[in-house]
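User: I would like to go through the helix packing and a few individual residues here. Could we begin with a pair of helices?
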Amino acid sequence: MIKTRKSIGGIIFDILKYLILISASVVAVLPIIVCVFTAFKTETEYQQGSVLALPDSFTYLENFKEAVTKANMLRCFANTMLVLLVVLTVSVFISAMLAFILNRFTFPGRNLIHSLFLFASLLPGIAMQVTIYQIMYSLGLINHLYGYMIVLYGTDIISIYVFLQFFENLPVSLDESATMDGCTYFGVFFRILFPLLKPAIMTTVVLKGVSVYNEYYASNLYLQKSELRTISTALYTFTGPYGSKYNYICAGVLITIIPILIFFLIFQKQVYSGMAAGAVKG
């Protein structure tokens, strides 16, 4: 009798588990399905039909053409790629070098800096935008891509902690051996330690890259000229007080997904290995 009760309980648990998984999958996939359907619908189809209804034809590409031309998405892609390349390069080097100093050197104020970084990571970014905007305005950095880049790589606390985690796993004997052979601190970092940080670099590139690519608030705040828009704010072209062109917006969303999808398909092995290595200590 006890075995029967346990088996019934196990069956109920399995049913609940699969129901939760199916519900979570539907919640995650349904918006994507609706977006794909809407991207191939004409204006009449979208206004008169259900959002879950199939489009008359999946070969209707006018929405994609309108999204590219009216939102100037090619220019927005170029701006986004430039920002992404510069921000990732600067973030990786600054975060790695700062983590190297905090991990390998002992100096007055070291623990205070650790505490300040922890405190900064707890502050909501939006709450500090009033002060940051005043500083940016006084320095003349509004409506400049380089000003927007400074904002992005100037608030990179997570990357610093990722590199600190990896430096904890690198033995100090590597530094000592290189120093005894006449290597400077710069040589120790760039020739010995930095090549060993490939998993940490990949983890940082993934986390920071996705954040920068999808960043909307700061881009909309500091890049107010249409020619400076990034890909995340390009779709704002199709919104207005009298309604939004969701068929164009969904087509633009699918276009913006393509680069991330290609990147993941090409580098999925490195992405998974970097994330897994960053999650293990010791």
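**Helix packing and selected residues**

Analyst: H5 and H8 are oblique to each other. The model is a predicted one. The axes of helix H5 (residues 110-122) and H8 cross at roughly 135° and come within 10 Å.

User: Which hand does the crossing of H5 and H8 have, left or right?

Analyst: H5 and H8 cross in a left-handed manner. On the H5 side the contact is formed by His-114, Phe-117, Leu-118, Ala-120 and Ser-121, and on the H8 side by Ile-157, Ile-160, Tyr-161 and Leu-164. By class, the contact of H5 with H8 has 7 nonpolar, 2 polar and no charged residues.

User: And H4 with H8: at what angle do the axes cross?

Analyst: The axes of helix H4 (residues 73-104) and helix H8 (residues 157-168) cross at roughly 50° and come within 8 Å. H4 is therefore oblique to H8. The crossing of H4 and H8 is right-handed.

User: Which residues make that contact between H4 and H8?

Analyst: H4 contributes Val-92, Ser-95, Ala-96, Leu-98, Ala-99, Phe-100, Leu-102, Asn-103 and Arg-104, while H8 contributes Ser-159, Ile-160, Phe-163, Leu-164, Phe-167 and Glu-168. The residues of this contact divide into 10 nonpolar, 3 polar and 2 charged.

User: What about Asp-156: where is it placed, and is it buried or exposed?

Analyst: Asp-156 sits in the loop between helix H7 (145-153) and H8. Its relative accessibility is 8%, so Asp-156 counts as buried, the cut-off being under 20%.

User: What does Asp-156 touch?

Analyst: Setting aside residues up to four places away in sequence, Asp-156 touches Ser-91, Ser-95 and Lys-208. Of these, Ser-95 is also one of the H4 residues in the contact with H8, and Lys-208 is among the buried residues of H11.

User: Since H11 came up, how far apart are its end C-alpha atoms?

Analyst: The end C-alpha atoms of helix H11 (residues 198-214) are 24 Å apart, which agrees with the 24 Å that its 17 residues should span at 1.5 Å a residue. Buried residues in H11 include Ala-200, Ile-201, Met-202, Val-206, Gly-209 and Tyr-213.

User: Moving on to H14. Is Thr-256 buried or exposed?

Analyst: Thr-256 lies in helix H14 (residues 246-279). With a relative accessibility of 12%, Thr-256 counts as buried. Beyond residues up to four places away in sequence, Thr-256 touches Met-73, Phe-77, Tyr-213 and Ile-231.

User: How exposed is Pro-259, and what is it in contact with?

Analyst: Pro-259 is also found in helix H14. Pro-259 counts as partly exposed because its relative accessibility is 28%. Apart from neighbours within four places in sequence, Pro-259 is in contact with Phe-77 and Tyr-213. Phe-77 and Pro-259 are 182 residues apart in sequence, yet their C-alpha atoms are 9.7 Å apart in space.

User: One last pair. At what angle do H9 and H10 pack?

Analyst: Helix H9 (residues 172-180) and helix H10 (residues 185-193) pack at about 120°, and their axes are 10 Å apart. H9 and H10 are therefore oblique to each other, and their crossing is right-handed. The contact joins Leu-174, Asp-175, Ala-178 and Thr-179 of H9 to Val-188, Ile-192 and Leu-193 of H10. These residues comprise 5 nonpolar, 1 polar and 1 charged.

Methods: Residues numbered from 1 in each chain as written. Predicted model: local features only at pLDDT ≥ 70, side-chain atom pairs only at ≥ 80, totals over all residues. Heavy atoms only, no water. Axes fitted to C-alpha atoms, helices over the stretch in contact; angles between N-to-C directions. Helix = DSSP H or I, 4+ residues; strand = E, 2+ residues; numbered from the N terminus. Parallel < 35°, antiparallel > 145°, perpendicular 65-115°, else oblique. Left-handed = near helix turned anticlockwise from the far one by under 90°. Contact = heavy atoms within 4.5 Å. Nonpolar A, V, L, I, M, F, W, Y, C, P; charged D, E, K, R; others polar. Buried < 20%, exposed > 50% of the residue type's maximum accessible area, 1.4 Å probe, protein only. Expected span 1.5 Å × (residues − 1).
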